[in-house]
Amino acid sequence: MSCFIQNSASKVQNTSDASPTEYLIYQDRTDLFRIPIQSILYLESQNYMVNLHTPTAVYSIRITLKELENILVAKGFFRIHMSYLVNLEHIVHAGVTDVELDNGEQLKISRNRKAAFQQALHAFIDKYQYI
């Protein structure tokens with residue numbers, strides 16, 4: 001089993017004005033998944049599997065959430081709960097105990113991770129320029 005990030009810019013020429021798409025590539029004995037990172041809403045650990053949620057599908061892969069966290073934290077993901085790794089790009093509302101994603105789903109925030117999550121979300125938001 002392997003999991004890594006692929007950048008499409010290395011395969012496309014004359015795209016200086018287009019931002020490269022990065023993919024999460026996962027391969028096990030029988031399946032190969034190539035999923036655009038920006039399309040991942042969140043990842044959920046459940047019964048020795050990780051369910052990778054996108055707007056159109058849910059992919060179940062056999063890997064630990066910690067392994068994916070190590071790969072995706074630099075791509076704007078944060079571990080809000082022992083079972084959830086969320087893409088900060090898809091959060092539309094952060095409440096006291098949960099977050100709401102742009103697809104309407106709500107995920108619980110662990111009390112132990114709340115302060116770190118708020119800092120990470122503010123740092124993420126501060127990267128954008130306001131009009």
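In which order do the three strands of the open sheet stand, and in which sense do they pair?

## The three-stranded sheet

Three strands make up this open sheet in the order β9-β10-β11, and their pairing is antiparallel; strands here (E, at least two residues) and helices (H or I, at least four) are DSSP runs, numbered from the N terminus, and two strands pair if DSSP finds at least two bridges between them. At the edges stand β9 and β11 (106-108), each of which pairs on one side only. On average, neighbouring strands of this sheet are turned by 25° against each other, direction ignored, where axes are lines fitted to C-alpha atoms, for helices over the stretch in contact, and angles run from 0 to 180 degrees between N-to-C directions. Three bridges link β10 and β11 in the antiparallel sense, and Asp98 has Lys108 in β11 as its bridge partner.

## Basis of the model

The model is predicted, and local features need pLDDT of at least 70, side-chain atom pairs count only at pLDDT 80 or more, and totals for chains, interfaces and linings use all residues. Residues are numbered from 1 along each chain as its sequence is written, while side-chain values use heavy atoms, with hydrogens and water left out.

Asn51 lies in strand β5 and is buried, with a relative accessible area of 10%; buried means under 20% relative accessible area, exposed over 50%, and partly exposed in between, with a 1.4 Å probe and protein chains only. Leaving aside neighbours within four places in sequence, Asn51 is in contact (heavy atoms within 4.5 Å) with residues including Tyr42, Gln46 and Ser60. Its side chain makes polar contacts with the side chains of Gln46, at 2.9 Å, and of Ser60, at 2.6 Å; a polar contact is a pair of N or O atoms within 3.5 Å, where within protein one must be able to donate a hydrogen and the other to accept it, and residues adjacent in sequence count only if both atoms are side-chain atoms.

The loop between β4 (42-46) and β5 (49-53) holds Asn47, and Tyr48 is also placed in the loop between β4 and β5. Most residues other than glycine have a negative phi. Phi of Asn47, however, is near 50°, and that of Tyr48 is near 65°. Asn47 is exposed at 67% relative accessible area, and Tyr48 is exposed at 75%.

## Helix α2

Helix α2 (residues 114-126) has 13 residues and reaches 18 Å from its first C-alpha to its last, close to the 18 Å expected at 1.5 Å a residue, a span taken as 1.5 Å times one less than the number of residues. Its buried residues are Lys114, Phe117, Leu121 and Phe124. Seen down the helix axis, these buried residues fall within an arc of 85°, so they line one face of α2; the arc is that of the directions from the helix axis to the C-beta atoms. The buried residues of α2 pack against β7 (77-81), β9 (91-94) and β10 (98-101), whereas the face turned away from the buried side carries the exposed residues Ala115, Gln119, His122 and Asp126.
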